[in-house]
Amino acid sequence: MQSKLFLYSFIGIFFFASLMETVFNKWRLTIMDQGDPRHIQHSIVRDFGIHRVGKLANPEQTNQKSKLPVQNPPLKSRFKEMFAKTTSGQQKASNTHPNTSSLITMFMCGDVMLGRGIDQVLPHPSDPILYEQYMRNAKGYVSIAERMNGPIPSPVSYSYIWGDALEELERISPDLRIINLETSITKSNDYWKNKGINYRMNPENIACLTTAKIDYVSLANNHVLDWGYSGLMETLETLNKVNVKSAGAGSTLQEAEIPAVMEIQGKGRVLVFSYGVTTSGIPFSWAASDKRPGVNLLKDFSDKTVNSIKEKVEEIEQQKDIIVISIHWGGNWGYEIAPTQVKFAHKLIDEVGVDAIHGHSSHHVKGIEVYKDKLIIYGSGDFLNDYEGIGGYESFRDDLALMYFASMELSSGKLLRLQMTPTQIKHFKVNRASKADAMWLRDILNKEGKKFGTRVKLNKDDTLTLQWN
Ligand SMILES: [Zn+2]
């Protein structure tokens, strides 16, 4: 009798221990990837959107036309062909996590403006000439920032501009690093006439992107053509040379539509499609066509547009691919989100099967939505620019931004966690925001997230975590 009792107790303890081990392993797998002024007239320097762009040069009437590479009208099947070309040999060896992981973590941020004043402090500054109404020399922006916050060393190192962001990227070690590149990278002097603001970074400064191990840049925005078609071409060539993927602009519409494909070793593929909308200040004439270089511009948010995006996605999507839409849309200022944007974002998720929407254009962060377990960032805010010391919109705190770290389930694209690190642009670099500023960001995200049912929690280390129903 006693020996039977002993045997039953032993079996019981054995099963209980096995059960506990299974539960612990499940918990461990779930958390293992989740790392915790002198007011110069501000209108001269801000990236104001379409109402500030003024009458734009018609590319058909400028000398830029002669530079266009004319190609035969491409067939639909060319999309696949070109796609195959751009994705060969793209297997990514770095930034990988163990194969056992069922999560993918993507770093995303908003506008990274590396031109003008920022370019002037980098090791290889461009010709500082500007064609702005009130500012003729890019060094003027460095002086404005220095008057506000003290001297900025010059030249700075390539890593300088990323400041505290580099350490945070190393700490969280995301699988992918995705940004919106709000400048052209070129030595072109062919500035886009009558635009008012023209950003360029010298291609010799390209190491500032590779230093931060940026994997992908969105190009469908209102600055990629600031220095003409030759400027766009040089931007694409320069990115290509250093193997930084891009999407959203090209020598034809077909090229501009091609998504960037990133293969995360042992995990799967992430496809990023980049689109721009005129509300962000992209001139309509910048739309790429069969024969004209330009950006991948969305004409509207109609069902027809949704269907055409769906077609593009279906042409290349493989099972289990994570689909990201990176979109430059809406004005620079204001928290409102047009109902048409919300509806469009939902349709992309419902009808196209998009897993995450990376929205940008606003100079400050906007409300975040999680719709059917999929992340929608409507406005990521400016991550880096040369606006320091320029007044006019202080109440929006556009010096503050967020590093978004989205952890998604690989098999479903479902958002499991959104961790955000508050940052501040100061001395032309990214700094960790103070506790008070992190609290300010928390409060604004809570206020603006209310309509979407999202809330934000401030963690002990001053990072933020999104909560949703
Ligand atoms: Zn923009």
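The expected span of a helix is 1.5 Å times one less than its number of residues. Helices (H or I, at least four residues) and strands (E, at least two) are DSSP runs numbered from the N terminus.

This is a predicted model: local features need pLDDT of at least 70, side-chain atom pairs count only at pLDDT 80 or more, and totals for chains, interfaces and linings use all residues. Residues are numbered from 1 along each chain as its sequence is written.

**View 1. Helix α11, end to end.** With 14 residues (339-352), α11 reaches 19 Å from first C-alpha to last, close to the 20 Å expected at 1.5 Å a residue.

View 2. Gln341, Phe344, Ala345, Leu348, Ile349 and Val352 are buried (20 or more other C-beta atoms within 10 Å of a residue's own; 12 or fewer is exposed, in between is partly exposed; C-beta atoms are placed from the backbone). They fall within an arc of 135 degrees down the axis, so they line one face of α11 (the arc takes directions from the helix axis to the C-beta atoms). Pro339 and Lys343 sit exposed on the face turned away.

View 3. Beyond neighbours within four places in sequence, Ala406 is in contact (C-beta atoms, placed from the backbone, within 7 Å) with residues including Thr105, Met108, Ala356 and Leu418.

Technical notes: Two residues are in contact if their C-beta atoms, placed from the backbone, lie within 7 Å.
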